Amino acid sequence: MTDDALLLSEQDEHGVRTLTLNRPKAYNALSRPLMAAVSAALAEVAGDASVRVLVIAGSGNGFCAGHDLREVRGLNSDDERRGLLTQCSDMMQAIVAHPKPVIAQVHGVASAAGCQLVATCDLAIATDDTRFATPGVNIGLFCHTPLVAVGRNVSRKHAMEMALTGEAMDAETAHRFGLINRAVPADDLRQETLALAHQIASKSSYTLRIGKQALYRQLEMELSEAYDFASTVMLENLLAHDADEGIGAFVEKRQPEWRDR
């Protein structure tokens, strides 16, 4: 895509597709057109066997500053405001439900819905100088929807502190709280993200797909229900070609040959 596109897309030889939010002058604020572009890209690659892992990154000086407040202020009706929130929620849920693992590659700032996006992705790697915040309270607007995702990553009290104070946390704290997987020097961000993506891309895409979906589903269940559900999925997994191939390869001390089924 051209540099003036709202969303840049590139794919490497390992099947890692990188989607880059490209509104650098607005710190990649999630305008309605940008969210539409992300949602369309997610739908496009869902059934593409050549794509094994997705990375979501941001151009310019920050990952994502949240919603575009100028756009929000220009919405004149309840229906328009509800439409904006629904569009954002649908995009976030599409990431969670996506058959491919999704990694956030974060730098600079991840604020409000941008912090929500980090929390929504399956994994997140950030530069060690990134700042994370749910600062809506500072402008009289509690970060209700960002806290849905953030509150499922960090503890309840940490989520509440972020929401009630609106203060930004550093990457070390975000890592300690469980919002990101690791914090790395800025010069190493792309290399570390791709190293993780390539490691995941080398696995069976069938196993990754059912594993991701099952993990998210069972986390919302009661303990006994979760075990029953997980046992059913694991039986399905055991009967799959790639499980048989993987176990055989382990026993025979060779590399598995995945067929992604």
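Reply: Before the packing, one term: contact here means heavy atoms within 4.5 Å. Please also keep in mind that this is a predicted model.

Me: OK, which elements do the buried residues of helix 9 pack against?

Reply: They pack against helix 3 (78-97), strand 4 (102-106), helix 10 (223-238) and helix 11 (241-251). The buried residues in helix 9 are Tyr206, Ile210, Lys212 and Ala214.

Me: And what is the reach of helix 9 from its first C-alpha to its last?

Reply: Helix 9, residues 205-219, reaches 21 Å with its 15 residues, which is close to the 21 Å expected at 1.5 Å a residue.

Me: What do the buried residues of helix 11 pack against?

Reply: Their partners are helix 9 and helix 10, and the buried residues of helix 11 are Asp242, Ala243, Glu245, Gly248 and Ala249. Just after helix 11 comes Lys253, which takes a positive phi of about 55°.

Me: Which residues make the nonpolar surface patch?

Reply: Met234, Leu238, Ile247, Phe250 and Val251 make a patch of about 590 Å². Helix 10 and helix 11 are the elements that give two or more residues to this patch, and helix 11 supplies the largest share, three residues; Ile247 is a residue of helix 11.

Me: Switching topic: how do strand 1 and strand 2 run, parallel or antiparallel?

Reply: Strand 1 (residues 7-11) and strand 2 (residues 16-21) run antiparallel and are joined by five bridges, with Glu10 having Thr18 in strand 2 as its bridge partner. Their hairpin has four residues between the strands, and Gly15 takes a positive phi near 85° there.

Definitions and conventions
Residues are numbered from 1 along each chain as its sequence is written. This is a predicted model: local features need pLDDT of at least 70, side-chain atom pairs count only at pLDDT 80 or more; totals for chains, interfaces and linings use all residues. Side-chain values use heavy atoms; hydrogens and water are left out. The expected span of a helix is 1.5 Å times one less than its number of residues. Buried means under 20% relative accessible area, exposed over 50%, partly exposed in between (1.4 Å probe, protein chains only). Two strands pair if DSSP finds at least two bridges between them. Patches are made of residues with over 30% relative accessible area and no salt bridge: like charges are joined within 9 Å, nonpolar side chains (Val, Leu, Ile, Met, Phe, Trp, Tyr) within 5 Å. Accessible areas come from the Shrake-Rupley method with a 1.4 Å probe; for residues, only the protein chains shown count as cover. A salt bridge is a side-chain nitrogen of Lys or Arg within 4 Å of a carboxyl oxygen of Asp or Glu.
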